[in-house]
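Here are my notes for your first read of this structure. Keep the viewer open and follow the points in order.

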Amino acid sequence: MTVPNTPAAPSAPLRILGIETSCDETAAAVVEDGARVLSSVVSSQVDLHARFGGVVPEIASRAHVDLLTPVIAEALLHASVDGPDVDAVAATSGPGLIGSLLVGVSAAKALALVWGVPFVGVNHLEAHIYAAWLEEPDRSFEMPLAVLLVSGGHTMLVAMEGHGQYRLLGQTIDDAAGEAFDKVARVLGLGYPGGPAIDKVAADGDPTAIAFPRGLADDAYSFSFSGLKTSVITYLRKHPEADTADVAASFQEAVVDVLVTKTRRAANAIGAKGICLAGGVAANSVLRERMLDACIQDDRSAFLPSRAMCTDNAAMVAAAAWWRLRSDGPSPLDLGADANLRLPLLPT
Ligand code: KG4
Ligand code: ZN
């Protein structure tokens, strides 16, 4: 089934202000018709959290309070749109850090109320998936798609059968892929966030230097990364002189190998027309390269969001809101933030 990127032409372009504050990025963006990015501003709090080796929730929510108003103002300015002229205001309502989510949701509701436009609460996981629609206003998406969602908090394989229609195929039984990157980076002394640091260092290493285990290799679609992390720690204890680049490259190879093998397996099983990568780990250069190669070999479309749109941003929130507004209408103004919100799934 071919699903057009923009359904039955709406009478006028619809511009949505998206807001993202689920973790440690304060972001706002204006997106037209769910795909054309008019502006995308991301203010990272990474420096505030780096010395703690991870995100400190209390620091994150306070920083969102300070940063959000200027970030929204900048997004509107870059898009050359006056606030009252946006057609809807959307914010991530979960999952994420509750204090951080509340800052964005409250701001979005207040603006929607003042400007007299709909408010849309967006699922952060769905937003990551819709990052693939951004910057592709003319591309058609053929369903079903095999979606690999890999972020700091989640790792799941999903069959996307239509817009907003997801069937869970498998997920991690312990750590998320991004969490594994962050933990291994910490033991290698590469700092936080670990994914980009490992990606960079691994470019100078030999991915075949150390044969790290591929967790749950025999299970169809489930993932496990905690054993791999322990293997890296054990290896470093036994080989304190080990080359950091080789360890980083071999670890990355083990993660990417499992992710690509299982996504391909899932795509074959569901007869997927294409594969979509989503979430912060989708910015990984080797994962992107391998997934692209697999798609070319299997004659499938590859939907890879640009690297900037893989990690947390508000353009993806506005894109997902555009589709949700069409399928479900506006969210009620009493919608709360939900730290544990799940991707809405079809029965398996
Ligand atoms: O999606 P995201 O920005 O936030 C969550 O919703 O969790 O993902 C953040 C995760 C972090 O664990 C980070 O280390 C990882 O994505 N990440 C990467 C890369 N860039 C970000 N992992 C591997 N390679 C990268 N280039
Ligand atoms: Zn995210």
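Contact here means heavy atoms within 4.5 Å. Keep in mind that this is a predicted model.

1. **Leucine 236.** Start with one residue. Leucine 236 sits in helix 7. Leave aside its neighbours within four places in sequence, and leucine 236 is in contact with Val187, Leu188, Ala242 and Val247. Glycine 104 is 132 residues from leucine 236 along the chain, and their C-alpha atoms are separated by 41 Å.

2. **Two domains.** How does the domain assignment divide the chain? It gives domain 1 as 15–133 + 309–328, and domain 2 as 145–305. Over C-alpha atoms, the centres of domain 1 and domain 2 are 26 Å apart. At the contact between them, 19 residues of domain 1 meet 20 residues of domain 2.

3. Are histidine 128 and aspartate 312 buried or exposed? Both are buried.

4. **The largest core.** The largest nonpolar core has 46 residues, and Phe251 and Leu287 touch the most other members. Several elements each supply at least two residues of this core, among them strand 8 (145–150), helix 5 (177–187), helix 7 (226–238) and helix 9 (285–298). Which helix gives the most to this core? Helix 8 does, with twelve residues. Now look at phenylalanine 251. Not counting residues up to four places away in sequence, phenylalanine 251 touches Ala180, Phe181, Val184, Ile198, Phe212, Leu228 and Val232. Another core lies apart from the largest one. That other core has 42 residues, including Val31, Leu134, Val158 and Met309.

5. **Helix 8.** Check its length yourself. Helix 8 has 27 residues, and at 1.5 Å a residue it should span 39 Å. The C-alpha atoms at its ends are 39 Å apart, which agrees. Just after helix 8, glycine 271 takes a positive phi of about 65 degrees.

6. Alanine 131 is in the loop between helix 4 and strand 7 (141–142). Buried means under 20% relative accessible area. Alanine 131 has 0% relative accessibility, so it counts as buried. Methionine 309 lies in helix 10. Its relative accessible area is 7%, so methionine 309 is buried too. Beyond four places in sequence, alanine 131 is in contact with Pro305, Met309 and Met316. Methionine 309 and alanine 283 are 26 residues apart in sequence, with their C-alpha atoms 8.4 Å apart.

7. Strand 9 (residues 155–162) and strand 10 (residues 165–171) run antiparallel, joined by six bridges. What is the bridge partner of methionine 160 in strand 10? It is tyrosine 166. Two residues lie between the strands of this hairpin, and glycine 164 takes a positive phi near 75 degrees.

8. **Backbone to check.** Most residues other than glycine have a negative phi, and most peptide bonds are trans. A cis peptide bond joins methionine 143 and proline 144, with omega about 0 degrees. Proline 144 is in the loop between strand 7 and strand 8. Another cis peptide bond joins tyrosine 192 and proline 193, with omega about -5 degrees. Proline 193 is in the loop between helix 5 and helix 6.

9. **Two aspartates.** Aspartate 33 has a positive phi, near 50 degrees. Aspartate 33 is in the loop between strand 3 (25–32) and strand 4 (36–44). Aspartate 299 has a positive phi as well, near 55 degrees. Aspartate 299 is in the loop between helix 9 and strand 12 (301–303). Is each one buried or exposed? Aspartate 33 is buried, with a relative accessible area of 9%. Aspartate 299 counts as exposed, at 72% relative accessibility.

How values were computed
Residues numbered from 1 in each chain as written. Chains lettered and ligands numbered in written order. Predicted model: local features only at pLDDT ≥ 70, side-chain atom pairs only at ≥ 80, totals over all residues. Heavy atoms only, no water. Pairing = 2+ DSSP bridges. Helix = DSSP H or I, 4+ residues; strand = E, 2+ residues; numbered from the N terminus. Core = buried A, V, L, I, M, F, W, Y, C linked by side-chain atoms within 4.5 Å. Buried < 20%, exposed > 50% of the residue type's maximum accessible area, 1.4 Å probe, protein only. Expected span 1.5 Å × (residues − 1). Domains from an automatic or database assignment.
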